[in-house]
Amino acid sequence: MRLWVDADACPNVIKTILFRAAERVQIPCILVANQAIAIPASKWIERRVVGSGFDVADNYIVEHIEPSDLVVTADIPLASEVIDKGALAVNPRGELYTKENIKQRLGMRDFMEQMRSSGVQMGGPAVFNQQDRMAFANTLDKLLAQRVK
């Protein structure tokens, strides 16, 4: 199992949780981004800097994941591709994307995008808070306990 992180928009607090988890269970954690991201010195943590452009980091992740991997992303289309390849996807708020919920989330994302493009003023996502951080840490611990044996 490897942890893949869609790192450009991933909150730093979530990266820190992932770094600690990678060290604790000794599994690779790979951050993929369009720019260099600071990481601690560790044989379990690495970064991959990809070219800039639309979906370059996402495509890199999809090309390199295996069914036993876990991808951390808030990008719903990326999560859908991850699920299609048999891997797991979770967002930084600790919500696991599944075959059962991903189509609904894609539909809602497309609807909201359509609303914004037609000029409707929409609020952004809720502020990332302590509960989100705890939910992510709990979900990650459960997934690692199931996958790493």
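Visitor: Why is E46 called partly exposed?

Guide: The relative accessible area of E46 is 29%. Buried means under 20%, exposed means over 50%, and partly exposed is what lies in between, with a 1.4 Å probe and protein chains only. The value of 29% therefore places E46 in the partly exposed class. The model is a predicted one, in which local features need pLDDT of at least 70 and side-chain atom pairs count only at pLDDT 80 or more, while totals for chains, interfaces and linings use all residues. Residues are numbered from 1 along each chain as its sequence is written, and side-chain values use heavy atoms, with hydrogens and water left out.

Visitor: In which element does E46 lie, and what is it in contact with?

Guide: E46 belongs to strand β3, residues 45–49; helices (H or I, at least four residues) and strands (E, at least two) are DSSP runs, numbered from the N terminus. Contact means heavy atoms within 4.5 Å. With neighbours within four places in sequence left aside, E46 is in contact with C29, I30, L31 and I39. The C-alpha atoms of E46 and P28 are 7.6 Å apart, although 18 residues separate the two in sequence.

Visitor: What makes D58 count as buried?

Guide: The relative accessibility of D58 is 8%, which falls under the limit for that class, so D58 is buried. D58 lies in helix α2, residues 56–64. Residues up to four places away in sequence not being counted, D58 touches D6, D75 and L78.

Visitor: How do you know that R2 and D69 form a salt bridge?

Guide: The closest N and O atoms of R2 and D69 are 3.0 Å apart. A salt bridge is a side-chain nitrogen of Lys or Arg within 4 Å of a carboxyl oxygen of Asp or Glu, so the pair qualifies. R2 lies in the segment before β1 (3–6) and D69 in the loop between α2 and β4 (70–72), so that this bridge links distant parts of the chain, 67 residues apart. R2 is partly exposed, at 21%, whereas D69 is buried, at 0%. R2, E66 and D69 are linked in a network of salt bridges, and a search of the whole structure finds five salt bridges.

Visitor: What makes R24 and D141 a salt bridge?

Guide: For R24 and D141 the closest N and O atoms are 2.9 Å apart, which meets the criterion. R24 lies in helix α1 (residues 12–25) and D141 in helix α5 (residues 130–147), so the pair ties together parts that are 117 residues apart in sequence. D141 is partly exposed, with a relative accessible area of 37%.

Visitor: What makes a group of residues a nonpolar core?

Guide: Such a core is a set of buried Ala, Val, Leu, Ile, Met, Phe, Trp, Tyr and Cys residues joined through side-chain atoms within 4.5 Å. The largest has 25 residues, of which L3, L18, C29, L31, F136 and L140 touch the most other members. At least two residues of this core come from each of β1, α1, β2, β4, β5 and α5. The largest share, six residues, is supplied by α1. Apart from this core lies another, of 19 residues, among them V50, V62, L78 and V82.

Visitor: How do you know that the span of α1 agrees with expectation?

Guide: The expected span of a helix is 1.5 Å times one less than its number of residues. The 14 residues of α1 should therefore span 20 Å, and the end C-alpha atoms are 20 Å apart, which agrees. The buried residues of α1 pack against β1, β2, β3, β4 and α5. Just after α1, Q26 takes a positive phi of about 55°.
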